[in-house]
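Notebook open, model loaded. I'm jotting down what I look up as I go.

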Amino acid sequence: MPELPEVETVARGLAKILEGKTIEKALVRRPDLRLPFPKGLASKLKGLRVLHIGRRAKYVLMHLSNQLVLLVHLGMSGRILLGQGAAPTGKHAHFVLLMQDGAWACLEDPRRFGCVDLFDAESQEQHPLLAGLGPEPFDPDLDARLFMQRLIRKKGPIKPALMDQALIAGIGNIYASEALFRAKIAPNRPCNGLKERECELLLQALRKVLEEAIASGGSTLRDHVRPDGELGYFQHHFAVYGKEGHPCPRCKDKASILRILQAGRSSFYCQRCQR
DNA sequence: CCTTGAACCTGCGGGC
DNA sequence: TGCCCGCAGGTTCAAG
């Protein structure tokens, strides 16, 4: 579930509950996610206070006392549950933070594509997972011109390029398709053929769709937490993603939403109104 | 350099 | 009902 909007919603939900609290204990139940947990993670976390929780790209960053940062990535199937009292013990409950007041946060990730890391705040710029990331979509310094400069350096089609975290951070398979639909740009258009006006429309579309998804995550659930404790879940309405064979919601052409494979991932678009 | 494809791992839904 | 296949919102690494 995790692209930028979902991770943002998770980070906000975690912030609301955990900020200001102290970690009583950390449990590492299954250490072999995509990357191994750092050595001695649990003992290093014990007794630390949660100062601030934010997000960079698709990473949740928990700033802790002692100048440490806990990084969490949700992979494809990761989610975070919040609760009080007894922490989950399911087979995918890999990592749990138990707080001194009885609250807990639990990382569940069946496919184990996610990861957790702990590092010094001062070395954040050089962190291997963070150093190469492109600008945030909402970075005010990112304008249409700069966006185009980055895009035209790419050779291939626009859709996979949007998912390149070094070009722009946080966009995944769903919102790449959704933004291109809004901007009326076909996913197979070569990056280096895009006009500045199209780059401008695309950047606007990206910001709009991400913004709406974040708003939907924040507003549909009280405090970003579902009754079952899951963070960051929402049912956003997608115009094209997963809608192969459906009519286009804009031009109404029936069965005009196609699915094609690009760089091994499904892309959805309207064959009539995206050019 | 850059791009594509396979790999990582588990679960789910559809078709037979 | 059960099995096999394809598919899944991410990232990395090898091969072309």
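Helices (H or I, at least four residues) and strands (E, at least two) are DSSP runs, numbered from the N terminus.

Housekeeping: this is a predicted model, where local features need pLDDT of at least 70, side-chain atom pairs count only at pLDDT 80 or more, and totals for chains, interfaces and linings use all residues. Residues are numbered from 1 along each chain as its sequence is written, while chains are lettered from A and ligands numbered from 1 in the order in which they are written.

**Hairpin.** I looked up β9 (residues 257-262) and β10 (residues 265-270), and found them paired antiparallel over six bridges. Arg-259 sits opposite Phe-268 of β10. Two residues lie between the strands of this hairpin, and Ala-263 in the turn has a positive phi of about 50°.

**DNA side.** Ala-263 turned up again when I listed the residues around DNA strand B, among them Gly-264, Arg-111, Arg-112, Lys-154 and Lys-155. Near here means that the C-beta atom, placed from the backbone, lies within 6 Å of the strand. By class I get four nonpolar, two polar and four charged residues. In that count Ala, Val, Leu, Ile, Met, Phe, Trp, Tyr, Cys and Pro are nonpolar, Asp, Glu, Lys and Arg charged, and the others, Gly among them, polar.

**Sheet.** Next I traced an open, antiparallel sheet of four strands, ordered β2-β3-β4-β8. Its edges are β2 (50-56) and β8 (115-120), each pairing on one side only. β2 and β3 (residues 59-64) run antiparallel, joined by six bridges.

**Helix α1.** Which strands does helix α1 touch? α1 (residues 4-18) packs on the sheet against β2 and β3, and its direction makes about 175° with that of β2. Angles run from 0 to 180 degrees between N-to-C directions, with axes fitted to C-alpha atoms, for helices over the stretch in contact. Contact means C-beta atoms, placed from the backbone, within 7 Å. Twelve of its 15 residues are buried, so α1 is largely enclosed by the rest of the structure. I call a residue buried if 20 or more other C-beta atoms lie within 10 Å of its own, exposed if 12 or fewer, and partly exposed in between, all placed from the backbone. After α1 comes Gly-20, with a positive phi near 90°.

**Trp-104.** Last stop was Trp-104 in β7 (residues 103-108). Trp-104 is buried, because 22 other C-beta atoms lie within 10 Å.

Methods
Pairing = 2+ DSSP bridges. Contact = placed C-beta atoms within 7 Å.
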